[in-house]
Structures are given as structure tokens and as C-alpha cells.
Amino acid sequence: MAQGSVVQVTHSGTSRWRRRTGEYASLGAALEAAGDGDVLTIAPGTYRENLVVARNVTLRGPEGSRGAVRIAPFDGVALTVRASATVRDLHIEAQDAASPALLVEEGAPEIADVRVATRSAVGVEVRGGARPTVRRCSVDNPAGVGFSMLDGAGGLFEECEVVAAGQAGVAVRGGAHPRLERCRIHHTSGTGLVVTGEASALEAVGCEVYEIRGAGVQVSARGTGHLTDCRVHRTSSDGINLDTDAVLTLADCDIHDIPENAVDLRSRSVLTLTRSTVRRFGRNGLSVWDPGTRVDANQCEIHDSTGDYPAVWVSDGATAVLDACRVHDVPDALFVLDRGSRTDVVDSDISQVRNTAVSVSDGATAQLDDCRIREAATGAWFRDHGSGGTLAGCTIDGTATGVIVTKGADPTVERTTVTSPTEAGFYVSAEGRGTFHGCRVTGSSGYGFHIIDGCRTTLTRCRTERCARGGYEFAEPGPVSEDCTSDESATPAPVPPAPRLAAVETAAPTMGLLSQIPAPRSVAPAPVEEAPAAREAEEVLGALDALVGLESVKREVRALTDMIEVGRRRQRAGLKAASVRRHLVFTGSPGTGKTTVARLYGEILRALGVLERGHLVEVSRVDLVGEHIGSTAIRTQEAFDRARGGVLFIDEAYALAPEDAGRDFGREAIDTLVKLMEDHRDAVVVIVAGYTAEMERFLSVNPGVASRFSRTITFGDYVPEELLQIVRQQAREQEYRVDEETAESLLKYFTALPKGAAFGNGRTARQTFESMVERHAGRVAQLPDPSTDDLTLLYPEDIPELP
């Protein structure tokens, strides 16, 4: 206690024998003497006591002198509240890395104008049945968590601030359910807001999360959140991250200035956005993955991408619904990939798109109803077999091509108008299909409908007007047209006669997620295709061999596969089989194909019967390491369980063992992982990956780690010839050509390219190709009548400048 300081206790009761008014030499003595209703006024000074408030008293500093009273014990919890007390105008300090500075355990206390400046595990922790009201309090805790709520705790936090946190700013777990109003969380070294665990919930109104070294908001493991009128910005990772059955609602929120994904969802998470804005993001505005994962966006705006990625990315069986939304000023607007993935877009505007507004591939489905697409290179592109959906009542204006259908894709396009395309209104090639009913093209600088390469397309009641090269161009028999008209303002090229059907069967509109009852069909629906069967080991090994470079990696994987296969054969013959440890270490620089090889390795082990599913679960430190002792083990166990029957791929695994570890919880993740690998040695294959030198340190941290892995496979950097091969491969896939002169220039480019820390190997090659395509488009767009060579051939001048 400060020298000469006293505590004034005032009791307002009328019973003389209960009067406790007086001065006490210590806070502990005053609290022991005080009873319910008493007021403890603390004189200015520093009190080296661990205080426990167990009665409904008022504990406060002198009126109008906030910060004059310092509660600063040498260790342990500075202040514990176990009653419906009032605490005001205090400055709390603590130094215990294993304890919170301020702990609220019971009751419904009121805590106001308290400043916590500490280096503790937690600044303010609320647990159990406590329901505090916390107003105008701040936490500065560069060593740990700002505010933590757990074990069913609740409470209201108004105008509070996390000034700094060494881990999460606000952590909600264990069924806690607080409400935050007008709070600010900033300058944290971990996630801004974390909600994890079943029954854990957070409601935030008018809050701001910014300057975060990590994700701004993270909800996981069945946690839920509801954010209204909140801002999330200036993070170093994703703006908002949802994982494993998380549920989040955003209303009137603004997510901006995010270097990675503005919003990323996985593993059956559900997000609802209403009247919210997503802007200035480096990767995807919305990134939606995995079956059961879903986004519903209503009256939202996504715009001003700062990177080269699609604004909305939907893949691996996920679903996205955009209703009355705007997407603009982005490289690509909406990409839907993979069988089972689906997007419904209703009454929305997509504009100022540098490349493709809507791209549908790998068996995905997209439905657009009454949408408007303007100023894009391509309006909608259905890319390959199994991909399809419906465009109904849409308008597409100011594009190079309105709708492209290629490689067996089969969409239905109804009542859709394409205005002023520079190349074609509708372009179908490479055995694309498609049904076009009641569609219209006007003012095309090329053809209205351009259908080539053996396509079996059906056109009914379509019309073209003022198309410079002709309304319809059918390069060979195959398309079917009925009741189609053209004003023939230009003389069309001669075309072979198109066969007519006696009665054209028109498919009914595809039922979207926002539809009511599907219209009847005039033809029987086609049978649903079964999911493709697992590939044989040799087929997967063939895919491995097809990868560019990586010769030593391929040899290592084949040798390991051969040992496993021979071991199986020896067992069937009644012989002993050598024990083969299947866990691997991958070392090397980024972009060298480590994740791709890990995925193929899982497929090979599935084909050999070693793994049940062979799927890949990719995690990193942020997925495994928690903020409290014990939480890391839970996260690691959850990741291991998700990978059962497949491969657990830990990228940048060395981050679990930083050189200045101290009390870092990464070691707990390593210890837990080692035990799980031993207890369930046949259930999961673990692959750890990272830079070579850092991985050597990682393997030396725990004596049991190195012994769990059978071998280390080193992924070397790509040489210029291999980078050129990757670009050529990309060009073939995208129907571009690289001639010898351009190839020679690319080789010189890759030779001169700096190979510093930012060099991305295969990723750099792919980015180079994307830049070439963009520069090619800018060049060819100026040509009045480009030939097929002009449209496909990449020149040396298309190669980007050296950085």
C-alpha cells in the first residue's frame, strides 16, 4: 500500500451497531470490514495488494481523479470480483503471465472507467455465471489477451477499448455470450475478435476492429456472432474468418483495407450479410469453400479489389446467394468451381470488371435472374463439361463477348439481351452445348451468335440486330435453330444449313435457391451423374509425373509407394512386411508444389487402401495454437479429427516452434500432435512443410518429432526452363500459343528475374502468364478485326517488365 494512504469506508445504514464508517490502513482490511451497500473511497497511491471483492460494495478512487489509484501487486490476480459490486476510477497493473489482471467470477457487477495496463495472460477475464456491465474501460496488454469471456459468462461492454494485445483482442469461448457496444479493438498481435466453441456467441454493435496482426474476426467450432454497424479494417490476414460450423450475421458493416480475403468461410460455416460493404481487399472479397458452407448477401456492395483475384470465389461444393447486390471495379467478379458448388444471383449489378464477370467451371452451377452486367471483358463464361446453370432476364452491355460456352458446358440462357459486344454476343466452341431461348443481340461489332467446333446448341426465338459481321455464324452442322430472326444489317458469311427440329423441346428454368415451385418440364430430366470414383494408384502417379520438374520429389514418392505396395503383397503371401512410416517432411521455398504433391500423396494412399478417404486438411499455426493453456490441445485435436482417413498438411510448421518461444503455446501443439500420431498411427498421415533451415529447427524441438517422420523430401526451386514449361502449360489450357521467339524471351526473363524472398517459383510463372494475357488483351483490343492468330498468339512484348 502507498505510504500514508488510507481507505475511507462509508456505511449509510441507520443501525448504529452495524456502522463501519472509518479509515483503514489497507484495502484488504477495508474490504473485510465493509458490508453490502458500503462505499470504499480509496486515497491516491499505489496498492500492492491482491484484492477480492466478495460483497455488494462500491470500490472507487477519488472523484474526478481517474488513474490516481493504482492496484499493482507483484504477482497473481490484481482484482477479483465475486459479487454485484461497483468498481470505478481505478488503474490496475499486473505482471503474472499465468493469470488475468482483473477477474470477474460471479454476480452482476458494474465496472466503469477502469484502466488495465498489464503484462498478464488476460487483461480482463469474465467467467462462470458472471454478468458484468463494463463501461469506458481500456486494456493495454502486450503480453496476452485483452478481454476474455468463457464458461458461460455474459455481460455488457460499452465504449471499452483494447489498446494493445499480444494475442487476441477479445476472446469468447466455452459457451460465453457477451454483448459489445461501441467498443474499439486495435493493435493486437492475434485475432481481433475470436468466438469459438458450441454455444459461444458474441453480439457487437457499433464496434471497430483495426490494426490487427492476424484476422479481424474469427468464428469457429460452432460459435456464433452477430455484428451490426461494425467496421473491420487494416488487418494482416483475412478480415473475417469462419470455420467448422460457425454462424455469423453482419448487418450494416464495413470490411475494408484487407490484404488477404475480406471474408473467408469453410467447413459448413454460414454467413448472412445485409446492407454491408466489402472493399479494398487483396484476394477474394468473399471466399466460400466446402459442402454445407453458405453465404447469403442482401443489398451488399463488393468493390475496389487491390489484387488480381475474383471478388467472389465459391468452390468445393459451397453455396453463395447474392440478392440486390453490387460488384464492381474488380479483376473478376464471380468464380464458381467444382461439382456441387452453386451461386444464385438475383437483381444484382456487376460492372467495371477487367476480365470475366461470371465464370462457371469444373461442374459448378450458377443461376442469374434479372441481373445487369456492364463493362467486362466477358459477361458469363461456362467453361467445361458438367458446368451450367441459368441466365434469365439478364442484360449484358459493353463487353467483348456477352456469354461464352466451351468444352461441353450446358447452360440455359433465357430472355437475355447482349448490347454492343466488340466480338460476339454469344460464342460457343469446343463442343459446348447450351439452350438459348428468347435472347437478343444488338449492336455487335462481330457476330450475334457465333457457334463453331462441333457444338450442339439449341436456339429458339432469338433475334439479332445491327451485328457488323452477321447475326448468326454456324461454322458447321450441329446447332439447332427455330423461329430465330435477324435484321441482316450486315451480310452474313455463308453457313451450312442448320437442321430443324419438328418440335423444339424447351427445358424449364432451373430452380434456384430463391425460387418457389419449379415449372413443369416438357422432357424427362436427365439422370444425375454419379460422383467420380477414386482414381487408381497408377493414374494418380501419372498425374504426379505430369507435374513440371520435381524429379527428385517424384522419385521419393514412387519409392515410398513401392515400399507400401510390396509390403501389402508380402502380407498377402504370409510374409513379414517392413514397417513403413508414412508421415513426411516437405522442405523448400514457396510455390514449389508442396501442397499439390501432398494432395496427390493422399490419393495414392487411398488407392492403395492405406487411407480410407485420402482427403487433405491444410492447417497452419493460427489453426492449431490457442490463447490459453489447454486450448491449443483442443484445436490440434480438432484438426487431427478432421483429417481422419486422410492427410493433415501443416504448412509453415516451424512457426509452431519460434526461436524466442518462451511460454509460446506452439510447443503444446507439437506435443499434442506427437501423442496423436502415436495413438492413432494408422488413422492420419501427417505432412509438415516449410523452409529447409527452419524445418531443421522444428524437428529438433521435441525428441519425438523427428522419429515420427519416415523421410524428408526437398522441393528445389524451379529453373528458368521449368518456369517456361509452366507458362506453356497454362497457355495450352487457356487456348493461347507461345511461339519460339516468345519462348526465348520468356527464358531470358526468368533467368534475369530476381530470386529473392518474394520469388514464388510456380506461382511466379502463373502470375507471369496472367500478366501476359492481360497485356495481350490490351494490345488486341485496339485491332479493328483481329484474326485467330491475333487472339491466341502471345508476343514478347506481352511479357511484363522485370521488377
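In what sense do strand β60 and strand β63 pair, and over how many bridges? Select residues 584-588 for β60 and 685-690 for β63: the two pair in the parallel sense over 4 bridges. Strands pair here if DSSP finds at least two bridges between them. Helices (H or I, at least four residues) and strands (E, at least two) are DSSP runs, numbered from the N terminus. Now pick Thr 587; its bridge partner in β63 is Gly 690.

A word on the model before moving on. It is predicted: local features need pLDDT of at least 70, side-chain atom pairs count only at pLDDT 80 or more, and totals for chains, interfaces and linings use all residues. Residues are numbered from 1 along each chain as its sequence is written, and side-chain values use heavy atoms, with hydrogens and water left out.

**The whole sheet**

The order is β61-β62-β63-β60-β64, with parallel pairing. The edge strands are β61 (616-619) and β64 (711-715), each pairing on one side only. From one strand to the next, the twist averages 20°.

**Two helices**

Next, select 720-733 (helix α10) and 740-752 (helix α11). They pack at an angle of about 130°, with axes 9 Å apart. Axes are lines fitted to C-alpha atoms, for helices over the stretch in contact, and angles run from 0 to 180 degrees between N-to-C directions. α10 and α11 are therefore oblique to each other. Angles under 35 degrees count as roughly parallel, over 145 as roughly antiparallel, 65 to 115 as roughly perpendicular and the rest as oblique.

Show the side chains at the contact (heavy atoms within 4.5 Å). From α10, the contact residues include Leu 723, Leu 724 and Val 727; from α11, they include Leu 746, Leu 747 and Phe 750.

**A covered strand**

Go to 447-451, strand β54. Is it buried or exposed? β54 is mostly covered: 5 of its 5 residues are buried, meaning under 20% relative accessible area (1.4 Å probe, protein chains only). β54 pairs in the parallel sense with β51 (424-429) over 4 bridges, and Ala 424 has Tyr 447 as its bridge partner. β54 also pairs with β57 (470-474), again parallel and over 4 bridges. There, Phe 449 stands opposite Tyr 472.

**Last stop: Ser 444**

Ser 444 is in the loop between β53 (440-442) and β54. At 3% relative accessibility, Ser 444 counts as buried. Draw a distance to Thr 422, 22 residues away along the chain: the C-alpha atoms are separated by 5.9 Å.

Note on methods: Buried < 20%, exposed > 50% of the residue type's maximum accessible area, 1.4 Å probe, protein only.
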